[in-house]
Amino acid sequence: MPNRGAKRDGVETVQAWASTRPRYLLAGSVGAVLLAIVLRAVAALDFYHWELGTGLLFVTLWCFPLRWWPWALVAAMLTHPHDGVVLALVEPLLVMGGVLLLQSWGVRPGVQVSLRRIGHVHLAALLAVVGMALAEVLLALRTPASGLEALLEIAGPAPFGNGSLASLLGNLWLRHLLSDFIGILMLMPLAYWATAPSPRHSPPSVAVMLRSAGVMGPVVGAYVWLGAVFPGSEFAELFRLLLVAAVVVFTLWQGWRGAVAAMCLISVAVALEEALGDPRMGPIVTQTYVGVVGALTLLFGASVDDFRRQAADLSRARQQEHRLLDEIQDAALRNLQLEESERQRLARELHDEFGQNLAALQTHLKLAAPHLNSAGRPGMADLLLELTRAMQRNISRVLSDLRPAGLEQLGLFGAVDRGSIRRLAQDAGLQMDVRLEGDARLLSQLDVTHATAIYRMAQEAVTNIVRHAQARRCQLTLRISRRRRALWVFLDIRDDGLGRLNRLLPGNGITGMRDRVLALNGALYLHQLSPGLRLHLMVRQEDGARGTGR
């Protein structure tokens, strides 16, 4: 199709050049003459089931600004097939009304094709041609009674009625309505195609035209050939249905522009069938077939384009959503890593600075013990030493929370099974069963961040059971596997306590555990058991991370 930008630039260039009145009159006169010549040439291609002149006038008015319409009106009047001035003026004015209505709905050159806009094109065209056909009928009413034979020649055989004047007038109105409507339906979509932006989700226009010629061309050729080889065959209905099926499939493949090409090819097939002299359908039925199939094809093609556009928008929105989620997860993971780094820094400072000072204080207290005893303070040194030992135990507990030593020494499973988590359960009288499933060698491929986070979540879960559940038994299952180029770690913890899902508060460590899981691209679920609760969490580590989880 022609480049839409070049076409619009050409119209704007004419607009700019014709800024003065003499140039406007010159450009309008030349344009009117050229349009009259084209209308005369197009009239030679008309036959009973389409009126391309009406379609050309509709397209011309739609493409050009309102100031050029009087010249188009002059050209249409000069080339009108009837001698009467009234009808030659009324019919172009009705076409202008349809175009004005279409533009008032926002359907202008350069706007995106949509189902709603194509529906407006059909409605505007239909309203215009209804009035034009009525004008033709009013003109025919002026025919004298002796001219019924001439009217019959103009109207053709009626598909209904008994050949009376009313039946012939109805036939005449329907034929003119359909012929003008098909004329607009054939040219207006081509103009819309040429001016509308190409959908990003559809193939280029050249590809659509080549596929139309390569796919629909042989189908239309077969339709015409079968009609010539089997004239008047009872398979006529089957041929038409197969042609419609081919149009539907091609439209579904190529979208609205494919529908435009298919509709034009259908009209050509019907014209060739008529030219062969043995049409399978009567005039009114042929026009109805072309008009209905063409209109529905264009609407279906526009709906296909709308669906693809919405699907593309939805796909872009999902990609944007995934990108934002990845960014959020990366930020959460960095925060988790910074938190662990800060914990390790605090642990080092407590161990190096406070621990050394506390050890020095204990040494000085031991040295000062004889002096305190001789000064009448017996037992004071022992009391102070006991306070330092309590402080040392508290510091050790804080260091264990900040940097689990068992995790570095025993590995993830060993730290869970034989470390502080086991001691916590034993001190509370909780019988804890720890299991490892999957390939234990994969634990060494976990990085520090993932291994530490899993350990802390297991520690937090057991702490919650000890503090709140009043459970007697607890089962902790650690499962690790490799799938889809990633390590998957599952932690399943069950108890037989008194916990209820509907009584859980946002705190109780659940919020922190959920944040850690989400930061590691995982998920956490809670299920009600009878009795007790089940906590099931999953984290994933992509391949390529340095493993130290042991």
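Trainee: Is asparagine 521 buried, partly exposed or exposed?

Mentor: Asparagine 521 counts as partly exposed, because its relative accessibility is 26%; buried means under 20% relative accessible area, exposed over 50%, and partly exposed in between, with a 1.4 Å probe and protein chains only. Keep in mind that this is a predicted model, where local features need pLDDT of at least 70, side-chain atom pairs count only at pLDDT 80 or more, and totals for chains, interfaces and linings use all residues. Residues are numbered from 1 along each chain as its sequence is written, and side-chain values use heavy atoms, with hydrogens and water left out.

Trainee: Where is asparagine 521, and what is its phi near?

Mentor: Asparagine 521 lies in the loop between α16 (510–519) and β4, and its phi is near 60°, a positive value in a residue other than glycine. Helices (H or I, at least four residues) and strands (E, at least two) are DSSP runs, numbered from the N terminus.

Trainee: What about arginine 485, buried or exposed?

Mentor: Arginine 485 counts as exposed, since its relative accessibility is 70%. Arginine 485 sits in the loop between β2 (473–483) and β3 (486–495), and has a positive phi of about 60° although it is not a glycine.

Trainee: Which peptide bond is cis?

Mentor: The bond from serine 530 to proline 531 is cis, with omega near 0°, and proline 531 is placed in the loop between β4 (523–528) and β5 (533–542).

Trainee: Switching to helices, how do α2 and α3 pack?

Mentor: Helix α2 (residues 21–43) and helix α3 (residues 52–63) pack at an angle of about 150°, with their axes 9 Å apart; axes are lines fitted to C-alpha atoms, for helices over the stretch in contact, and angles run from 0 to 180 degrees between N-to-C directions. That makes α2 roughly antiparallel to α3, a term for angles over 145 degrees, while under 35 is roughly parallel, 65 to 115 roughly perpendicular and the rest oblique.

Trainee: And which residues meet there?

Mentor: From α2, Leu35, Val38, Leu39 and Val42 meet Leu52, Gly53, Leu56 and Thr60 of α3. Among the residues of α2 that are buried are Leu35, Leu39 and Val42.

Trainee: What about α5 and α6, at what angle do they pack?

Mentor: Helix α5 (residues 85–104) and helix α6 (residues 115–140) pack at about 165°, with their axes 8 Å apart. That makes α5 roughly antiparallel to α6. The contact includes Leu87, Val90 and Glu91 of α5 as well as His120, Val121 and Ala124 of α6.

Trainee: Zooming out, how many helices and strands are there in the protein chain?

Mentor: The protein chain has 16 helices and five strands, and 43% of its 550 residues count as buried. Of the contacts in the protein chain with a separation of 6 or more, 75% are between residues 24 or more positions apart.

Note on methods
Contact means heavy atoms within 4.5 Å.
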